Number of protein chains: 2
Amino acid sequence: MNESLVLTDDIAAVSKIPQFKANGVACDVRGKSDGRLDLCVVHSERPCAGAGVFTLNDVQAAPVVLTRQLLSTGNAMHGIVCNSGNANACTGDQGLRDAEKMSFETSSKAKAPQGSFLVCSTGRIGEPMPIGRIVSGIDNCVHTLSHLPDAAERASQSILTSDTRPKGCLVSWESEGHSLSLGGFAKGAGMIEPNMATMLAFLFTDVKMKQGLLQEVLSASVRKSFNRISIDGDMSTNDTVLLLANGASEQEISEKTPKALEDFHDAVDRACLDLAEKIVSDGERITKVVRLEIEGAPDDASAEKVARSVGNSLLVKTSWYGSDPNWGRLVHAAGYARVGVQMDSIDLFYEDAPALLKGVPQVENRERWKEVVSAERFTIRINLNLGIGCCTMLSTDLTEGYVDFNKSE
Amino acid sequence: MNESLVLTDDIAAVSKIPQFKANGVACDVRGKSDGRLDLCVVHSERPCAGAGVFTLNDVQAAPVVLTRQLLSTGNAMHGIVCNSGNANACTGDQGLRDAEKMSFETSSKAKAPQGSFLVCSTGRIGEPMPIGRIVSGIDNCVHTLSHLPDAAERASQSILTSDTRPKGCLVSWESEGHSLSLGGFAKGAGMIEPNMATMLAFLFTDVKMKQGLLQEVLSASVRKSFNRISIDGDMSTNDTVLLLANGASEQEISEKTPKALEDFHDAVDRACLDLAEKIVSDGERITKVVRLEIEGAPDDASAEKVARSVGNSLLVKTSWYGSDPNWGRLVHAAGYARVGVQMDSIDLFYEDAPALLKGVPQVENRERWKEVVSAERFTIRINLNLGIGCCTMLSTDLTEGYVDFNKSE
């Protein structure tokens, strides 16, 4: 770990990354004339290497299809354009034309090469895009791009849907004599999992790196962060994580600079983990965030299955909501992951307090379990004592508020 | 299909099957001294062939372990004993001894061979069994076994937990000159899926059949019924379906009597489907039952994956609760089953009204979708147009009441 690395909570982080400009504007995507910020552009005049990680859902929204295509060309990128209020998903050929129009319009207005703006959308699916208003919004946004924090804040606000607050972070570090930075913003995904609401995260950095390597770093970081709060198979049609590197620092990072590469990887890890945690903490109507640590599984993949079984169980989630230390439901859920769990091998802890040791209830700790599970944040550790596989996952409770919130759109 | 086959809603069905006796008693398993019926015995003096289908959860309750063992001996069975209020799960060696004690005590009191009573339990897990009170209950129950409908009704009431009503059915049919019958009772499983509450179903018949064949018939019927309302992998530690055939009709059914075998298979299918539907309809705090028909999948297994993705999605379930015909959420969920769904191939119908044809929204039907999804029962049909695989599944909505009900025990 690089000792110089500093992580800051900053929704205007993009304004701190050299030579990126941003802004967020209101163009009434939702057709409610409420002045809500709903479109942003981030732009670098310097050409960027771009990397992306996308939903694995069979049904992919038009902007996902387009952005994948654009990245696959290997061309330099100059920025992103994103709207909220309409996901441009399940919108057929017209949807694809609308996504292309968004990229085209942004490139033109920003005087950047065609195909150098990546596109994201989030919101209701199956509705045609109000492309006229969006194009006006793009024109307005590109005209008002700025290095100022206010503009970056507006960008991070414009992508929100059911989020209650914008989410951003900045990572700064020293590497081989250079001051480097990485930062960006994100939006959340409802109750996260097994919810299908869209998760978006946009990261920007001034390091100089080839696209292939940038993609490797981003993919590895996403596996350990965003994919620990959302099942791949449950991803929405629009989930996207993007990383643009504009090289403004002039420090080139490659396999030939292993220390600098490691530092950069740390920085991306830290930023992804931070934004992932912010997304979970802002889940729809949640009251608790629970860290699940699964250990002693036959292998890491089995540990992940157990973590997902437990973390997604409605009965487990509702018991957390009710501050009920119901270890039986946790064991039930671990058992239906079907990785060979043996009841008489399981150790289960609420923070430091054992609830089960080798499957035997430690009932003298009952008061302490209750105390732990009554907190807003706590850790449950399950050791299956079968092997060395492990997985950590963030989960949340399930509330009446969630049901009420989602019963109609 | 046998035209003579008649299905009747009957919670006292077991009293109509020749030479089975039953009763249900109160023995205060829950320790609340509330007089609630919580233990039943069903007994046949004639030896029975027995078959069972069990949870696939890695963690299996003591009665499941024991009942599997007893059936695996191939010995004749004489009945079942079942308690509610305590699942005898995650109870270690003592739990297994308690389950054995229940079987032993029932066999002794009923003057049947040792090991001829199968054992089931349902209720809270991880709590030691109040075995003294249960043994007293068994003694009391065996003493008062009866052919009368009242006693059979008490049996069907005694196994309930969060169910709001007892569930039973009787199937009668003529086969090669014999009047045959099959009937029994069941208890439900909370919100069913992905809930882990226990599902129990007990069926009894007067046909004469070898154990191996009986098991084949039951396994096949369960796959098409109970397993269409509950994911195997999500089953509770205690889920059990049992079928006892005492041969009182003297009609022997085997591969050598294909017509009679087919009739019997129909009867088991009908009974299992009926009880499965009753379980779904009595899910915890549900307001709607939705029949999902998935067609045109690459194969049946893919169709089932899609049905489960859609039927288990919290966002889909909450939208049903809100009477919101949100086909976008259905398509989302179908997409994350990851069986190769192609958006521009999907047809989706709310009852008779198309919502999507080849992926194109049929918005002129919007009012009709809304009408359909506002009903208490409706069918949604999704044709993926990829192949000939199909699957029908029953699902329910998700309500604030469910969350409230389950937030503590």
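A residue is called buried if 20 or more other C-beta atoms lie within 10 Å of its own, exposed if 12 or fewer, and partly exposed in between, with C-beta atoms placed from the backbone. This is a predicted model, in which local features need pLDDT of at least 70 and side-chain atom pairs count only at pLDDT 80 or more, while totals for chains, interfaces and linings use all residues. Residues are numbered from 1 along each chain as its sequence is written, and chains are lettered from A and ligands numbered from 1 in the order in which they are written. Helices (H or I, at least four residues) and strands (E, at least two) are DSSP runs, numbered from the N terminus.

**Helix 3 of chain B**

In helix 3 of chain B, Ile134(B), Gly137(B), Ile138(B), Cys141(B) and Val142(B) are buried. Seen down the helix axis, these buried residues fall within an arc of 125° (taken from the directions from the axis to the C-beta atoms), so they line one face of the helix. An α-helix has 3.6 residues a turn, so residues three or four places apart point the same way. The face turned away from the buried side carries the exposed residues Gly132(B) and His143(B). Cover for the buried residues of helix 3 of chain B includes the elements below.

| Element of chain B | Residues |
|---|---|
| Strand 2 | 20-25 |
| Strand 3 | 39-54 |
| Strand 4 | 77-86 |
| Helix 2 | 92-109 |

**Sheet strands**

In chain A, 6 strands form an open sheet of mixed pairing, in the order 13-12-11-14-10-15; two strands pair if DSSP finds at least two bridges between them. Strand 13 (360-361) and strand 15 (389-396) of chain A stand at the edges with a single partner strand each, so one side of each lacks a neighbour in the sheet. Strand 12 (residues 353-357) of chain A pairs with strand 13 of chain A in the antiparallel sense over 2 bridges, and Leu356(A) has Pro361(A) as its bridge partner in strand 13.

In chain B, strand 10 (residues 289-297) and strand 15 run antiparallel and are joined by 7 bridges. Cys391(B), in strand 15 of chain B, is the bridge partner of Ile294(B). Of the 8 residues of strand 15 (residues 389-396) of chain B, 6 are buried, so this strand is largely enclosed by the rest of the structure.

**Contact between the chains**

Contact (C-beta atoms, placed from the backbone, within 7 Å) links 52 residues of chain B with 51 residues of chain A. On the chain B side, helix 8 (314-321), helix 9 (327-336), strand 13 (360-361) and helix 11 (400-406) give two or more residues. Helix 9 of chain B gives the most, with 8 residues.

Notes. Contact = placed C-beta atoms within 7 Å.
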